[in-house]
Amino acid sequence: MSHAALTDTQPRTMPALTVTTTAITDPVDLLALLPTRHGVATWLRRGEGFVAWGEAARYDARGPARMRGADVWLHALARTAVVHDAVRLPGSGLLAAGSFAFDDDDPAGGALVVPRVVVGRRTTPTGVRAWVTTIDPDGAPPLPLDAPTEPVVAPRDVRWSAGTTSPEEWKARVAGAVARIRAGEVAKLVLARDAWATSADPLDVRCLLDRFQAAYPSTWTFAVDGLVGATPELLVRRERGLVASRVLAGTIRRTGDDASDLLRAAELARSSKDLEEHEFAVASLAEALTPFVASANVPDSPSVLHLPNVMHLATDVTGALAHDGDGVRPSALVLADALHPTAAVGGTPTDVAVRLVREVEGMDRGRYAGPVGWLGADGDGEFCIALRCGAIDPADERRIRLFAGCGIVAASDPGAELDETEAKLEPVRQALLG
């Protein structure tokens, strides 16, 4: 499908919005406030962030300009909105949640959704602050905040089925990728695989979110437009002139034994294969970020990030944003567009690797490994890479498509890479099984 065929699908009319943010008593457990499994948006880490529901406005687009178009749309929407924000923290006021396809040509495209109700929670130097934002389109009655809550339903009788390729077929694809890397076509290639799970009942995203947050509190637990997961990888955060990004590349599975895992962490930190993969990813991100920052801090060596199921080599990159020729700083979504795809989810050199991914991987990723997060009207926001996640089938809400991938370099072993994807599928599998 050509880029010309993938265009803005948003109607040209825009609703006038009335946005009201007021402070509330700390609710502590934001997930407990979600009244329904329908139209839910969530962004949480260590109990902070927001939950939201309803839809006040929506932008749908496809193609290479999908994120830039969404950014322009939200700013245009903000110009006509009437905003009363008594809190004035990142995430208060007018806000939209978004997710976007990995590939420019993928029909999954992207969406930026302005919810009707947002409840946020954030730790500040003076303590925890919480708020509720209502966003009402012109002429629409306010949503009642005390609406009856539907009971949460856990997945039942979950059945598993193969995805686009079988494990053996996928290992053969990895072996083919290694051969092409050794032939000099590309330095690193990230390959993903998918699988399906089906519940006896329609999936309740609230149950999955609660299980993700309990098991992986240090990750970003999210639900945006049917995509739900717990990702450890921050693509970009913009907050009051500062920018941050986290690179994860190089992975080893945990054993469950603390002493053994410490030894495995040391092994990961010395692994030439994993260090090579990680260095590619850090260099790619730093290069993409350079045009947007006045200064940046890129650590010389990675740390080891410990998660319940795996350990990753991790590097946190920070910087101070520069102004453009008009004195404007780029928004979080503009930065996400510039940074995506990173070498951590595409490969190196990125443009060559992404073309090979389309050829070698043999599937559409949809919004897996694409940017997911939120954007405020002031340009602040946070976008992660959609990893450790699943996409609920819009045609059958009992089904969810799971994804996992890993970086392939010249020293990669197909069997070990398959084991890595199995470890990365565990978070969603555990959320489904409880």
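R66 is found in helix α1, which covers residues 66-80; helices here are DSSP runs of H or I with at least four residues, strands are runs of E with at least two, and both are numbered from the N terminus. The structure is a predicted model, in which local features need pLDDT of at least 70 and side-chain atom pairs count only at pLDDT 80 or more, while totals for chains, interfaces and linings use all residues. Residues are numbered from 1 along each chain as its sequence is written, and side-chain values use heavy atoms, with hydrogens and water left out.

Is R66 buried or exposed? R66 has a relative accessible area of 2% and is therefore buried, a word that stands for under 20%, with exposed meaning over 50% and partly exposed the range in between (1.4 Å probe, protein chains only). The side chain of R66 reaches the backbone oxygen of G63 at 2.7 Å. Leaving aside neighbours within four places in sequence, R66 is in contact (heavy atoms within 4.5 Å) with several residues, including Y59, F100, D103, D104 and H340.

V82, by comparison, is found in strand β5, residues 82-85, and is partly exposed, because its relative accessible area is 43%. Although V82 and T18 are 64 residues apart along the chain, their C-alpha atoms are separated by 4.8 Å, and V82 touches L17, T18 and V19 when residues up to four places away in sequence are not counted.

**Helices that cross**

The table gives the approach and the crossing angle of two helix pairs, where axes are lines fitted to C-alpha atoms over the stretch in contact and angles run from 0 to 180 degrees between N-to-C directions.

| Helix pair | Axes come within | Cross at roughly |
|---|---|---|
| α3 (residues 205-215) and α8 (residues 414-433) | 9 Å | 125° |
| α2 (residues 167-182) and α7 (residues 350-361) | 10 Å | 145° |

The angle of roughly 125° between α3 and α8 makes α3 oblique to α8, since angles under 35 degrees count as roughly parallel, over 145 as roughly antiparallel, 65 to 115 as roughly perpendicular and the rest as oblique. In α3, L208, R211 and F212 meet P427, V428, A431, L432 and L433 in α8, and the residues of this contact divide into seven nonpolar, no polar and one charged. Here Ala, Val, Leu, Ile, Met, Phe, Trp, Tyr, Cys and Pro count as nonpolar, Asp, Glu, Lys and Arg as charged, and the others, Gly among them, as polar.

In the other pair, R173, A177 and R180 in α2 meet L356, E359, V360 and E361 in α7, and the residues of the contact of α2 with α7 divide into three nonpolar, no polar and four charged.

Note on methods:
A polar contact is a pair of N or O atoms within 3.5 Å; within protein, one must be able to donate a hydrogen and the other to accept it, and residues adjacent in sequence count only if both atoms are side-chain atoms.
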